[in-house]
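Subject: Structure handover

Hello,

Here is the structure you asked about. My notes on what turned up in it follow below.

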Amino acid sequence: MDPTSRANRTAWELAHQERVWANDQMTAEAAAGVTLVPSERALLRDILATRPLVVHPQSGNGQDDVALVDAGARMVIGVDYSGHAIHGARGRADALGAACHYLLGTVPGVPLRDGCVDLVYTGKGALIWMPDIDAWAAEMARLLRPGGHLFVHDGHPATDLWTWDLDEPRIRPDRSYFGRSFVCPDDSFPAHGAVMWQWTLGRIVTAVVTAGLEIRQLDEYAEPFWRMGDVDAAAFRGRLPNAFALLARRPTAG
Ligand SMILES: C[S@@+](CC[C@H](N)C(=O)[O-])C[C@H]1O[C@@H](n2cnc3c(N)ncnc32)[C@H](O)[C@@H]1O
């Protein structure tokens, strides 16, 4: 692991330890399934109807895992490099009796064999931790059985450009859509000096296609996948992209 990713893992361990893993509100949200938003449910409906085996790389607090099982998944395997995240997600799933299992592991390098799952579900703050987007896409493709699907619902690459001004949207003077990385602001999550990587939508799509997957759908949304502290920035009110969803499939032959 490169030194930046090592430091990021430490930042995540601290953040999960401080704020996330034992949070009762998160358990209630997981039980209610509210984190799996309607657009995700619509895109995944047919796939979840087949009772897929799901892997969730970078599963974090695991709320979506419980919701995926409630929505039809046979089992969800969460993978995260934070021991605190794994411990919290496992405790939450056990408390709710959900068919979720958790593995401590790093992406890429998920400790599962090739072609073993029907659906890879990921996102909601996942891609910004990948220093190599091509290696990420290859790992997602590796995990899928032929005919299996990759689903990503994540922050739009443009969303980090917007200020959180309440009166009108503005572009931050310290960011570029074509930038390489930036340090997580102190008023955001997980902070602790974590470094986020930037990938344009074009680079993400190209990485997925280069990994051998067929893109089925690519949607952009005004609503962020998450609002830090429920902030109601003008940039989140319908005019600008803040999230995207991508559904891709591993071809059955090849
Ligand atoms: C924004 S969080 C959680 C995202 C998760 N999908 C959710 O909605 O709860 C990102 C997670 O990615 C994990 N993470 C970051 N880089 C990772 C890597 N290279 N391998 C494994 N986990 C990683 C962090 O520990 C953190 O739990």
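Asp134 and Arg203 form a salt bridge through their side chains, with an N to O distance of 3.0 Å. Please keep in mind that this is a predicted model.

The pair links two helices: Asp134 belongs to helix H6 and Arg203 to helix H7 (residues 201-210), so the bridge ties together parts that are 69 residues apart in sequence. Asp134 is partly exposed, at 35% relative accessible area. Arg203 is also partly exposed, with a relative accessibility of 31%.

Across the whole structure, the search gives 16 salt bridges. Another of the pairs is Arg170 with Glu168, whose side chains meet at 3.9 Å, N to O. Here Arg170 counts as partly exposed at 34% relative accessibility, and Glu168 is partly exposed at 42%. Both residues belong to a network in which salt bridges with shared partners join Asp165, Asp167, Glu168 and Arg170. There is also a salt bridge between the side chains of Arg227 and Asp232, at 3.3 Å from N to O. Asp232 has a relative accessibility of 39% and counts as partly exposed.

Now the nonpolar side. In soluble globular proteins, nonpolar side chains tend to be buried together. The largest nonpolar core in this model contains 42 residues, and those with the most contacts inside it are Val55, Val117, Val120, Trp136 and Leu150. Helix H6 (residues 133-143) supplies the largest share of this core, with six residues. Asp134, the salt-bridge partner of Arg203, lies in helix H6 too.

Which residues does Val120 touch, leaving aside those up to four places away in sequence? They are Val55, Pro57, Met140, Leu143, Leu144, His149, Leu150 and Phe151.

Last, the annotation. The UniProt record, an unreviewed entry, has "domain: Methyltransferase" over residues 59-148. In the model, that stretch is 37% helix and 26% strand.

Regards

Technical notes
Residues are numbered from 1 along each chain as its sequence is written. This is a predicted model: local features need pLDDT of at least 70, side-chain atom pairs count only at pLDDT 80 or more; totals for chains, interfaces and linings use all residues. Side-chain values use heavy atoms; hydrogens and water are left out. A nonpolar core is a set of buried Ala, Val, Leu, Ile, Met, Phe, Trp, Tyr and Cys residues joined through side-chain atoms within 4.5 Å. Buried means under 20% relative accessible area, exposed over 50%, partly exposed in between (1.4 Å probe, protein chains only). Helices (H or I, at least four residues) and strands (E, at least two) are DSSP runs, numbered from the N terminus. Contact means heavy atoms within 4.5 Å. A salt bridge is a side-chain nitrogen of Lys or Arg within 4 Å of a carboxyl oxygen of Asp or Glu. UniProt positions are given in the numbering used here, feature names are shortened, and annotations may be inferred rather than shown by experiment.
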